[in-house]
Amino acid sequence: MRTRLIALTLLGVFATSEVALAAPLGVTREDQKDVMVTVYNGNLGLVKDVREARFPAGVTEIQFMDVAAQIDPTTVHLKSLTDPAGIRILEQNYEYDLLTSQKLMEKYVGKKVRLYQGDGTFHDATLLSTNGPIFEINGQIHMGHYGRLVLPSLPENLVAQPTLVWLLRNQAARPQRVEASYLTGGITWKADYVMVLDAADTLSDLTGWVTIDNKSGATYRNAALKLVAGDVHRAQDRRRDARVLELAAKSAAADASREFKSEGFFEYHLYTLDGRTTIKDNQTKQLSLMAAAEVPVVKHLMYWGAQDYYRNAYGMPISNQKVAVYLEVKNSKENRLGIPLPKGKIRVYKADRSGSQQFIGEDWIDHTPKDERVKIKMGDAFDVVGSRTQKDWKKIAGSLYEVEWEISLRNHKKEDQAVTVIEPVPGDWQVLASTHPYEKVEAHTLRYQIPVPREGAAKLTYRVRIRY
């Protein structure tokens with residue numbers, strides 16, 4: 001199958017005899033001088049492939065081989081780095097009808113073939129169908145494999161691998177260094193983080209890894225690698241994506257070390273690998289993104305309410321309601337971080353009394369710029385539990401109610417704990433009485449910080465008037 005894209009030029013109509021002046025010129029990976037790959041989170045990559053070959057003068061067909069199998073041919077762009085004005089593109093094609101035994105047989109349906117027997121003799125036959133297969137031999141129809149099938153020649157328009165084909169007009173015969181850029185699917189990246197807590201849950205060692213999954217159908221050897229992090233809008237017209245990614249690939253070149261450097265890029269962040277790496281086809285590769293030691297961590301115990309609790313008489317809506325556990329890290333230089341963190345999964349470990357690291361939870365973090373906070377949900381507390389009881393609920397007027405809640409928190413640990421109580425209160429509300437200080441953090445959010453002694457309990461009681 002051939003996808004044909006006719007390049008718009010000012011050359012007018014060219015003669016068929018001129019097109020056939022030069023034989024096709026194959027440009028393979030052996031001619032590659034440089035390759036740059038920019039990868040997005042969303043299964044999309046931009047490849048810039050620089051190769052060098054001697055182009056003859058006149059009109060020549062150039063076969064640019066060893067490209068990604070999942071290439072988007074509508075995004076392909078070719079330019080000469082040696083003589084930009086000396087080369088004109090007359091026609092552009094993408095050959096992806098790959099050479100397989102099934103394809104070969106399909107090309108010879110209705111044509112003469114030979115079927116060789118074990119003794120070296122053969123029968124001339126006509127291949128009628130590949131489903132069977134079915135042959136006509138001496139006026140008789142034969143089904144199934146009647147011998148070793150031999151074809152007289154290789155059909156046209158079958159290629160061993162995806163190939164870009166250009167019809168070029170070159171002014172002078174000379175070595176040319178050309179750059180082919182295109183978008184391809186099948187390649188993506190993600191970030192993963194590992195956090196190791198200390199015994200007191202106040203400090204952590206944080207490392208980040210980049211995982212690249214390449215199923216694009218091509219190998220990128222010794223490539224300059226860039227990663228783009230951000231929530232990029234994907235329009236139906238992928239040419240817009242091509243422009244965005246092309247700008248990303250024009251950012252600063254890589255140095256000689258083996259770390260990622262981050263820079264702001266439009267409303268996203270661009271991570272450039274210092275040095276180069278080889279990304280093989282059908283390979284999952286991991287590269288170090290960042291590492292920081294003794295990063296301060298704050299542990300939060302959270303006890304949540306719900307707006308529905310205020311609308312009716314409940315008694316005890318939930319028995320033994322769980323207390324959620326969160327870890328919070330500020331992404332700042334003071335905390336030995338301060339770099340943009342791409343979204344990814346973070347896994348948390350902690351050493352037990354024997355010194356063995358144990359997995360204690362994981363969560364997803366979003367794209368986090370510097371000086372913002374990362375909150376990681378670890379699960380529910382085992383030794384800190386809570387319960388709530390509706391002590392009173394009454395209707396004062398048509399849309400006016402009063403509700404009284406008692407929240408009991410129990411701590412079975414040998415250390416004092418602090419529990420944050422979050423109460424989403426609906427309507428227009430006013431706290432009439434409370435056993436503990438409170439904070440109105442949002443229009444409909446009431447927050448308490450309740451200290452709970454070790455192996456002890458604490459009770460919070462408050463009464464609120466609500467108008468719907």
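Residues are numbered from 1 along each chain as its sequence is written, and side-chain values use heavy atoms, without hydrogens and water. Because the model is predicted, local features need pLDDT of at least 70 and side-chain atom pairs count only at pLDDT 80 or more, while totals for chains, interfaces and linings use all residues.

Student: How many salt bridges does the structure hold?
Tutor: A salt bridge is a side-chain nitrogen of Lys or Arg within 4 Å of a carboxyl oxygen of Asp or Glu. Arg373 and Glu328 form one, with the closest N and O atoms 3.3 Å apart. The number of salt bridges in the structure is 23.

Student: Which strands hold Arg373 and Glu328?
Tutor: Strands (E, at least two residues) are DSSP runs, numbered from the N terminus. The two residues are 45 apart in sequence, so their pair ties together separate parts, namely strand E26 for Arg373 and strand E23 for Glu328.

Student: Is Arg463 buried or exposed?
Tutor: Buried means under 20% relative accessible area, exposed over 50%, and partly exposed in between (1.4 Å probe, protein chains only). Asp392, the salt-bridge partner of Arg463 at 2.8 Å between the closest N and O atoms, is partly exposed at 22%. Arg463 has a relative accessible area of 15%, so the term for Arg463 is buried.

Student: Which residues are linked with Asp392 and Arg463 in a network of salt bridges?
Tutor: Asp392 lies in strand E26 and Arg463 in strand E32 (residues 456-467), 71 residues apart. Besides these two, the network includes Glu402, Glu404 and Arg465.

Student: What is the relative accessible area of Lys459?
Tutor: Lys459 forms a salt bridge with Glu406, with 3.9 Å between the closest N and O atoms. Glu406 counts as buried at 18%. Lys459 is exposed, and its relative accessible area is 51%.

Student: Which strand gives the most to the lining of the largest pocket?
Tutor: On a 1 Å grid over the protein atoms alone, a pocket is an open set of points with protein on both sides within 12 Å along at least five of seven lines, and a cavity is a set where a 1.4 Å probe fits but cannot get out; lining residues have an atom within 4 Å of a point. The largest pocket has a volume of about 810 Å³, a volume being the space filled by probe spheres set on the points, which are joined across faces, edges and corners. Of its 25 lining residues, those closest to the centre are Asp201, Lys299, Val325, Lys350 and Lys413. With six residues, the strand that gives the most is E26.

Student: What is the volume of the largest cavity?
Tutor: The search of the whole structure finds two cavities of 30 Å³ or more. Residues lining the largest cavity include Tyr193, Leu206 and Ile376, and strand E15 (187-197) and E26 each supply at least two residues. The volume of the largest cavity is about 50 Å³.

Student: Which strand gives the most to the lining of the second largest cavity?
Tutor: The second largest cavity holds about 40 Å³ of space. Arg29, Asp49 and Tyr220 are among the residues that line the second largest cavity. With three residues, the strand that gives the most is E4 (residues 44-55).

Key:
Helix = DSSP H or I, 4+ residues; strand = E, 2+ residues; numbered from the N terminus.
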